[in-house]
Amino acid sequence: MVREIPQKVVDAILKIPLPHVERPDHLVWHFNSSGIYTVKSGYHIAHQAILERQREKPESSFKLKKEAWKVMWKMKVPTKIRSFWWRAYKNILATKENLFKRRCAVDNLCPICEKEVETTEHLLFMCPWAKMVWFGCNIKPLGDLGGNASLIKWIADMMENLSVKEVVILMGRVAQIAWHIWKSRNDFVFNKTKINPQHTITSFFHAEMECLKAFEIPRVHMDNPANQEDLPTWRAPDEGRFKVNCDAAISASGSRSIAAVVLRNWKGKLVDGLAKSVQVGTSLGGELYAIRAACEMLISLGLKEVEVESDCQQAIHLSVSELVPPWDVRALVMDIRHFAKEGNFLFKWVRRAANKVAHEVASLAVRNSLPCNWIVNPPISLVTVLEKDVNESL
Ligand SMILES: [Zn+2]
């Protein structure tokens with residue numbers, strides 16, 4: 001049978017991580033990022049054209065508007081973001097297209113790519129730099145709709161296919177990212193600040209952390225990097241305690257990923273670790289693999305209340321919150337949340353400089369230079385980083 005399935009499909013299937021904690025199989029619906037399928041949504045996809053026409057009827061669009069407002073009201077985001085999102089939804093943002101229509105602009109072109117009309121959808125979702133931001137945030141709203149992307153339609157689809165709770169969470173996240181894109185775009189237009197997708201992604205993650213804290217969204221353990229003493233180096237755990245660092249590396253060809261885990265005691269001594277070749281589709285997948293492997297190692301060693309550190313903000317974020325995970329890493333995230341409760345682990349996002357040892361193990365392994373007895377007899381480059389961590393930690 002495998003021979004009849006195209007190689008591309010086989011590769012994609014092999015990259016889906018499997019859960020380690022037994023739970024019933026879960027069908028995913030790749031038409032939305034939550035992967036949740038409902039009969040209603042299948043019907044919906046099949047009859048999109050008909051529904052589209054129905055939506056254009058005034059009474060149905062009025063009903064949708066009312067429903068959309070209700071959902072937006074429930075989003076756990078600052079008021080300024082809610083009001084921005086409502087304006088985007090009603091298509092009354094000061095985009096070039098809207099300004100041009102009101103004769104307030106000489107043209108309607110996107111000021112950033114200068115190639116397309118700057119509609120709300122282009123500005124927030126379709127402009128190449130905006131797409132990079134969504135990619136970096138591992139979420140793809142309106143992504144598959146191409147030139148026909150419509151915010152109203154996307155919101156209608158979501159409300160059709162997901163529960164209210166899920167729409168509120170997902171839309172809150174999308175509204176926040178969109179707001180940061182809008183802010184960066186305005187900084188570019190009015191202050192000539194260079195467009196930098198990574199800056200926009202980082203400022204979104206920081207703001208979202210603040211938001212989760214402000215609204216007290218339930219979480220297992222939350223260490224807020226914004227409030228945390230910003231340590232540039234590794235810190236040994238308190239006496240008698242352990243700490244585990246996680247990282248992932250991808251080979252230069254992109255074909256192989258390594259998930260690395262390093263367990264040390266309060267003296268900074270290497271206690272255990274692993275470096276495992278994993279098949280994942282994204283770097284986020286690799287980082288989550290490492291965190292799950294770390295949790296499993298701790299559980300098998302009977303260690304509880306251990307600090308688990310990673311330099312991947314999004315992986316930590318997904319591990320500690322109750323956000324709907326992207327479907328392709330769902331199995332990993334659900335396992336981690338399960339183990340976190342079992343072992344009462346404390347997840348922490350740290351800077352790269354504080355995660356050097358795990359990084360070194362992953363990079364050695366990806367280059368096939370990590371000896372199999374590395375824990376007992378670590379290679380010299382690893383010894384150097386381990387000693388540096390201990391010295392800086394004093
Ligand atoms: Zn553009």
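This report describes the fold of one chain in a predicted model.

## Basis and overall make-up

The structure is a predicted model, in which local features need pLDDT of at least 70 and side-chain atom pairs count only at pLDDT 80 or more, while totals for chains, interfaces and linings use all residues. Residues are numbered from 1 along each chain as its sequence is written.

The chain has 16 helices and five strands. Helices (H or I, at least four residues) and strands (E, at least two) are DSSP runs, numbered from the N terminus. Of the 394 residues in the chain, 37% are buried. A residue is buried if 20 or more other C-beta atoms lie within 10 Å of its own, exposed if 12 or fewer, and partly exposed in between, with C-beta atoms placed from the backbone. Among contacts in the chain between residues at least 6 apart in sequence, those that join residues at least 24 apart make up 68%. Two residues are in contact if their C-beta atoms, placed from the backbone, lie within 7 Å.

## The sheet

The five strands form an open sheet with mixed pairing, in the order β3-β2-β1-β4-β5. Two strands pair if DSSP finds at least two bridges between them. Because β3 (270-278) and β5 each have a single partner strand, they stand at the edges, and one side of each is left without a neighbour in the sheet. From one strand to the next, the twist averages 20 degrees. Such angles run from 0 to 180 degrees between N-to-C directions, and axes are lines fitted to C-alpha atoms, for helices over the stretch in contact.

Strand β1 is mostly covered, with eight of its nine residues buried. β1 and β2 run antiparallel and are joined by nine bridges. They form a hairpin with six residues between them, and Gly254 in the turn has a positive phi of about 80 degrees. β1 and β4 (residues 307-310) run parallel and are joined by four bridges. Cys246 has Val261 as its bridge partner in β2, and Cys246 also stands opposite Ser310 in β4. Lys243 has Glu307 as its bridge partner in β4.

## The nonpolar cores

A nonpolar core is a set of buried Ala, Val, Leu, Ile, Met, Phe, Trp, Tyr and Cys residues joined through C-beta atoms within 7 Å. The largest has 52 residues, of which Val244, Ala260, Val261, Ala290, Ala294, Val361 and Ala362 touch the most other members. Two or more residues come from each of β1 (242-250), β2 (257-265), α12, α13 (313-320), α14 (330-343), β5 (346-349), α15 (356-366) and α16 (380-393). Helix α12 gives the most to this core, with nine residues. Apart from this core lies another, of 40 residues, among them Leu123, Leu124, Ala130 and Leu162.

Leaving out residues up to four places away in sequence, Val261 touches Val244, Cys246, Gly273, Leu274, Ala290, Ala293, Ala294, Met297 and Ala358.

## Helices around the core

Helix α12 (residues 283-301) has 19 residues, which should span 27 Å at 1.5 Å a residue, and its end C-alpha atoms are 27 Å apart, in agreement. The expected span is 1.5 Å times one less than the number of residues in the helix.

Helices α15 and α16 pack with their axes 9 Å apart, at an angle of about 170 degrees. They are therefore roughly antiparallel to each other. Angles under 35 degrees count as roughly parallel, over 145 as roughly antiparallel, 65 to 115 as roughly perpendicular and the rest as oblique. In this packing, Lys356, Val357, Glu360, Val361 and Leu364 in α15 meet Ser381, Leu382, Val385, Leu386 and Asp389 in α16.

## Loops and single residues

Most residues other than glycine have a negative phi. Asn91, in the loop between α5 (79-89) and α6 (96-101), has a positive phi near 55 degrees. Asn91 counts as partly exposed, with 15 C-beta neighbours inside 10 Å. Lys192, in the loop between α10 (164-191) and α11 (197-214), has a positive phi near 60 degrees. Lys192 is exposed, with 7 other C-beta atoms within 10 Å.

Phe135 lies in helix α8 (residues 128-136). Phe135 is partly exposed, with 14 other C-beta atoms within 10 Å. Phe135 and Ile201 are 9.5 Å apart in space, C-alpha to C-alpha, and 66 residues apart in sequence.
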